[in-house]
Amino acid sequence: MKMSKLFVQTLREFPADAEVVSHKMLARAGYIRKLTSGVYNYLPLMWRVLKKVENIVREEMDNAGAQELLMPFVQPKELWEESGRWDVYGRELMRLKDRHDREMCLGPTHEEIITSVARDGLKSYKQLPVNLYQIQSKFRDEVRPRYGLLRGREFIMKDAYSFDIDEAGLDKEYENMAKAYKRIFERCGLDTKMVQSDSGAIGGSVSHEFMVITDTDAGENDVFYCKDCDYSANSNHAVSKLPEAVVDGKDYFSETKVIDTPDTHSIEELSKFLNIPDTLILKSLVYIVDKKPVMALIRADKAVEETKLMNALGGIDIRIASSAEIAELMAEKGFDAVPGFIGPKGMSDIAIIADETVRDMKNFVVGINVTDKHLVGANLCDLGIPEIKYEDIRLVQRGELCPDCGKPLFVTKGIEVGNIFKLGTKYSKPMNAVYTDINGKTHPYVMGCYGIGISRTAAAAVEAHYDEHGIKWPLAIAPYHVIIVPVNIKDELQMKVANQMYEDLKAAGVEVVLDDRDERAGVKFKDADLIGFPFRVTVGKTINDGFVEYKTRETGEQEKYTPEQATEKLINIIKAV
Ligand code: ATP
Ligand code: MG
């Protein structure tokens with residue numbers, strides 16, 4: 001490819017809406033162009049990168065025994081009704097109607113479709129196990145599309161679905177996929193951590209995510225990990241050993257009584273006013289889970305992890321209640337308290353979940369749904385709640401202890417590039433997708449699903465490999481391997497050598513760009529660094545002594561070679577990829 005012909009417009013500045021490195025660099029270097037919020041054109045350079053990521057994924061999935069197919073992007077409502085997800089999926093699901101008023105959606109994921117494909121084709125145990133995958137665009141009307149390709153509305157995903165006769169088969173395939181994923185990300189030049197995670201709206205029980213660790217905002221997940229053993233988990237799933245703590249207010253309160261606590265709206269204000277540690281306060285929070293109010297109780301020095309709370313209730317949607325919703329709840333129960341004074345008293349007809357930290361609390365302080373008052377020296381039996389359900393709904397904090405080995409946990413940020421789920425019969429059962437066993441009895445398939453964000457992986461590679469000058473693509477997914485830069489295109493010798501190298505490299509299968517533009521060398525070098533070619537060969541004045549300059553983008557190392565040596569070296573390196 002000649003640079004003069006390459007369809008690429010580099011920008012002088014980063015786009016104003018770009019917050020993270022990959023978005024800034026990919027937009028400025030001419031890889032992507034925004035069409036509308038969360039929707040991008042993949043320009044030729046980007047498309048080359050995406051195809052390389054896809055091909056690595058394809059090769060490893062095929063090697064792992066999976067088979068590729070392609071399912072439609074537009075999906076009929078009926079299948080989503082069969083699985084029970086049409087009503088609960090929420091606003092990420094982009095719904096539309098056709099000319100006959102039939103309801104459809106743009107595929108955000110394909111469990112329903114693949115399950116219908118399987119039940120039509122997989123009838124006998126003899127046909128199982130099977131793993132089917134596709135590489136395709138998905139659409140999710142994300143609340144906050146941002147960070148360019150990292151969180152788009154339209155994006156490319158590889159999604160695979162496995163069908164087994166039993167759990168043991170699923171366990172084996174899950175391991176098989178975990179291994180394939182490790183190889184895929186390694187080949188893409190990405191260091192990933194496989195962490196335990198919540199299985200979210202897709203459902204199922206066990207799941208793991210593959211995280212690219214990054215200390216920037218691009219990492220939307222908090223990952224807790226132990227340096228002494230291999231425990232690591234997404235914060236939405238992480239657990240910890242709490243240090244033994246006896247929380248008893250007997251030294252502060254000699255009796256159980258209601259006292260005035262004016263204007264103590266926050267835990268800090270309350271603990272200051274009463275001169276007590278926050279571990280003596282029971283915090284009561286109201287959430288809306290699947291449209292219903294619920295109350296979460298937790299020791300006030302700790303925070304609630306919403307996903308854990310939602311799972312404890314078997315819900316699929318959660319948010320904190322607004323002050324208006326709290327006021328409404330109070331009015332309904334005959335109270336008149338503002339946030340800060342809320343408590344479980346008189347709330348026994350809504351779901352109440354107490355975190356494990358509440359178990360050991362004695363003679364504590366709690367809101368009783370009266371503004372400017374608290375009950376002190378209280379115990380749960382004083383509050384008239386017949387039954388408390390205890391669950392771990394706590395957000396783990398840095399320094400808490402590893403649940404496996406007891407050493408301190410560390411936290412870092414991660415970009416989720418892929419995940420694997422054990423779905424079990426979550427879809428096959430309601431959709432009546434069954435196989436017949438050796439005795440002629442039918443059973444729902446035991447399923448797994450396995451996703452990789454193709455476009456997110458490419459962007460994550462930029463987050464992991466760049467410097468102030470631009471992208472440093474890992475060789476395996478770079479749009480081109482090498483750029484040849486003749487310093488002065490009017491110099492006959494320089495052009496002759498550059499052209500010869502260009503032809504030789506092309507003939508050997510090296511993906512090469514010749515910068516034949518009549519630009520200053522500085523401009524060409526800047527573009528080469530920004531676009532991120534792994535190698536640059538400069539043909540300048542030193543060619544008069546028979547040498548070209550050979551530069552490795554990753555290390556910045558510059559070497560002098562004859563054109564033949566440089567060509568040979570490049571061919572050998574690229575052969576090894
Ligand atoms: P996230 O928690 O980041 O929203 P998810 O749990 O919704 O991800 P899945 O539904 O399991 O993700 O999708 C599989 C893969 O698709 C993810 O691991 C991620 O790499 C990619 N992906 C998901 N949502 C997006 C998005 N909005 N833009 C780009 N890639 C995405
Ligand atoms: Mg999501």
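A search of the whole structure finds 41 salt bridges, each being a side-chain nitrogen of Lys or Arg within 4 Å of a carboxyl oxygen of Asp or Glu. This is a predicted model, in which local features need pLDDT of at least 70 and side-chain atom pairs count only at pLDDT 80 or more, while totals for chains, interfaces and linings use all residues. Residues are numbered from 1 along each chain as its sequence is written, chains are lettered from A and ligands numbered from 1 in the order in which they are written, and side-chain values use heavy atoms, leaving out hydrogens and water.

**Salt bridges**
- Glu 68 pairs with Arg 58 in a salt bridge, with the closest N and O atoms 2.8 Å apart.
- Lys 490 and Asp 518 meet through their side chains at 3.0 Å, N to O.
- Glu 59, Glu 60, Arg 183 and Arg 187 are joined into one network by salt bridges that share partners.

**Around ligand 1**
- Ligand 1 is surrounded by 16 residues, counted when a heavy atom lies within 4 Å of it; Arg 140, Glu 142, Arg 151, Glu 416 and Asn 419 are the closest.
- A polar side-chain atom of Glu 142 sits 2.8 Å from a nitrogen atom of ligand 1.
- An oxygen atom of ligand 1 is 3.0 Å from a polar backbone atom of Val 417, and an oxygen atom of ligand 1 is 3.2 Å from a polar backbone atom of Gly 453.
- Taken alone, ligand 1 exposes 580 Å², and the protein buries 86% of that (Shrake-Rupley method, 1.4 Å probe).

Key. Polar contact = N/O pair within 3.5 Å; in protein donor to acceptor, adjacent residues only side chain to side chain.
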